[in-house]
Amino acid sequence: MGYRALEEMRKKNVSRYQADGPRVPAPAGYRRLQGGKSRPVCSLEREAVAFLRESCEDLGFDPGGSRGSLDDLDGTSTRQGQIPYNMEKDIDRLCLENAVHRFLETGIAEDAFDVYFCYLEMFVGNYGESRKMIEMLAEFESNAGSLLMKHRDHYSHSVYVFLIGLAIYHSNPDFRRQYGAFYGFSQEGRENRAACHFLKYWGMAALFHDIGYPFELPAEQVKSYFGNSGGNKPYMVYRNVDEYVDITGDSPDSGFWQSLLLGGDKFQPKSLDEILAHNMAYRLEKKYGDYEDYRNYQQSHPDAGYREYLTREVLSCRPSNPEKFGNFMDHAYFSAVLLFKELLEVLGPEQMTECAMEYMDVLTAILLHNSLYKFSITNYKSSYNQGRQFDVSTHPLAFLLMLCDELQCWDRASYGQNSRNEVHAMDCELEFHEKGVSATYVFDQGLKAKAGRTDTKGTYRKLVTPDAGHPVFLADIEKIVHINEPGTLQLTVGTAFGPNNRLRKKYLSNSNFLHLYHFAVALNGRYTYMGAEEQVEDARLEADFQKLSLEYKLSNINQAKKFAGHLDAIGCFYTDRPVAYGLVTAFTPQDLEIIGPREHLRWLAEKQSMGWSYGEKQPKAIREQTRTHELMMQEGVPVNAQTAKVHYEELPDEEKDKDIEPMNSMLKLIEKYDGLRIYQKQI
């Protein structure tokens, strides 16, 4: 027995989002510009969204029993046991799709947050257990990056990298074939399983490949203090790392650690370094096992194998002996170690063992994406590397991460002192086709004169300076990964200038890092405890929040994100800095008359984008199963500021209160969780 809600939602998705030629029609409530016009959807968005919609259907489904039927309601909506399990999983996928839409419209960290949140909730456990990894990255970059000579964003960058990989997978049949063969999905009829597998493990590699940057930043700050010069200047190293990666304790047992070793060679590892080195050697030794540095190591260690060399001379030296690597502290090493520790804590040994190959490939891909492959596995600029560039067949996740990490060099906030003066691409027009990718990097036309100077540094210079007939940018990528030869992925790059039409909305409101998760938890408590949430312990509020489906968690998050815009509309802002403006302690009735319709518009647009429509009032469980709501507008009425305001004015007072009361709660929450205050723009 099927269930009507999911079928109806799929029909709406097809009619509303289905690709039509080179463009995707604008989803209701989102893809709108000033003046009400829809912008063309870029190739990156088209391919990434099509991958999620077309290739990952049945993502996370339970194929057995009746969990896709109304006979068995064990899925979660506002609470557990309201909808079919498989319906919940399909809604989760739509949540991720909409998060991708929002991020590609703005590129800002707050919308990157949604993509991270969806991924962690869908594939790891819950955001609350793992949020420190990405919150720390955003916090460190925004506060410490300005002290460096060169540094650019890695938080939104990682989401872009993730989406480029999805687009390549969806558009390139050769990559799909090689990925499927590598992980045993080459049989006909397993394409859907391969795509879902790719989404999980590519997402993990791409989204978390830079979480170790907080370790690199302090080392780079010390170098910047001394003008980035070498010689006899002090430099920073990390101690106690050996103890941190030691695995000789009692838990987990030795059998677990051995289960993480790929291939047939089993031994008793003593450190995480040994495990990572073994798995890198398993993938790379055949192709790179005669590198000169390894041969030199063997002269003094005649019996040393490739695995021992990687352990002793590469991994264990990176945090404690950066002088061996050009005084460079490799964040990729710390990213891999941190992610392993997090996965073990959240997933536990049993889940890690079940998918040991995939998790180990994620970690080694992260290890290889930066300097380790370029200078320790090989020297990518030397004659040794000619003909040995990294192949898809060697390690698909590592290949793709190296490629996408190099391609994504646009729309990255510049924090470093020199980086802010360089000319970097503000956008990139990507076209994905079955043979490869064409990338045109777009620069602000206002910087055209500066970009043309020979002394100007940045992305533009690398894209116009030739190297053996190619731009330096493309030539460097070709030295790293095996592309642009018969039977390989084809990549072309170019440049263009255009108007600075990035659509980001800037508000006066600011904080070092707005803890959206905390606000969302508290806002949900406001609905649950009706104003008495301040007397409820934080742990209980979070437990209540975790009982919600991903859809409703995101709804609370998006309500918190819109708060800055609501404040802007009434002439207010929040900040953690002391300013000479009047402090706001409560919203006036006039303020709420402005905020109410705006919040109602947000709710309507959000519901419509998630496949909801108008329906007569029903019990909550039936409402969730049919995805109809009595407070939605009638079918065919456009959702915009004008229609939402009219609709809002027609609501009963108790329904209006649902839009405005949480705003007063935010006055207290914002101070509690981020030390902020709200001020009026005029005294």
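**Helix packing, sheets and confidence**

Tutor: Helices α13 and α14 are roughly perpendicular to each other, because angles under 35 degrees count as roughly parallel, over 145 as roughly antiparallel, 65 to 115 as roughly perpendicular and the rest as oblique. The angle between α13 (residues 292-300) and α14 (residues 306-315) is about 95°, and their axes lie 10 Å apart. An axis here is a line fitted to C-alpha atoms, for helices over the stretch in contact, and angles run from 0 to 180 degrees between N-to-C directions.

Student: Which residues make the contact between α13 and α14?

Tutor: Asp293, Tyr294 and Tyr297 of α13 come together with Tyr306, Glu308, Tyr309, Arg312 and Glu313 of α14, a contact being heavy atoms within 4.5 Å. By class this contact holds four nonpolar, no polar and four charged residues, where Ala, Val, Leu, Ile, Met, Phe, Trp, Tyr, Cys and Pro count as nonpolar, Asp, Glu, Lys and Arg as charged, and the others, Gly among them, as polar.

Student: What should I know about where this comes from?

Tutor: This is a predicted model, in which local features need pLDDT of at least 70 and side-chain atom pairs count only at pLDDT 80 or more, while totals for chains, interfaces and linings use all residues. Residues are numbered from 1 along each chain as its sequence is written, and side-chain values use heavy atoms, with hydrogens and water left out.

Student: OK, and at what angle do α3 and α4 cross?

Tutor: Helix α3 (residues 85-106) and helix α4 (residues 109-123) cross at roughly 160°, and their axes come within 8 Å, so α3 and α4 are roughly antiparallel to each other. On the α3 side the contact includes Leu96, Ala99 and Phe103, which meet a set of α4 residues including Val115, Cys118 and Met122. The contact of α3 with α4 counts nine nonpolar, one polar and five charged residues.

Student: And how far apart are the axes of α2 and α8?

Tutor: The axes of α2 (residues 43-55) and α8 (residues 191-207) are 10 Å apart, at an angle of about 130°, which means that α2 is oblique to α8. Phe51, Leu52 and Ser55 in α2 meet Asn192, Ala195, Phe198 and Leu199 in α8, and these residues divide into five nonpolar, two polar and no charged.

Student: Switching to strands, what is the order in the open sheet?

Tutor: The order is β3-β4-β7, three strands with mixed pairing, where two strands pair if DSSP finds at least two bridges between them. Strands β3 (427-433) and β7 (490-498) stand at the edges with a single partner strand each, so one side of each has no neighbour in the sheet. From one strand to the next, the twist averages 15°. Strand β4 (residues 436-444) runs parallel to β7 over nine bridges, and Ala439 has Val493 as its bridge partner in β7.

Student: How many residues sit between β1 and β2?

Tutor: Three residues lie between β1 and β2 in their hairpin. The antiparallel strands β1 (residues 75-76) and β2 (residues 80-83) are joined by two bridges, and Thr76 has Gln80 as its bridge partner.

Student: Last one: which element has the lowest mean pLDDT?

Tutor: Helix α1 (residues 4-17) has the lowest mean pLDDT, 47, whereas α16 (residues 356-368) has the highest, 98; pLDDT is the predictor's confidence in each residue, from 0 to 100. The protein averages 85, with 87% of the residues scoring at least 70. Over residues 12-39, pLDDT stays under 50, although the model has 60 contacts beyond four places in sequence for that stretch.

Conventions:
Helices (H or I, at least four residues) and strands (E, at least two) are DSSP runs, numbered from the N terminus.
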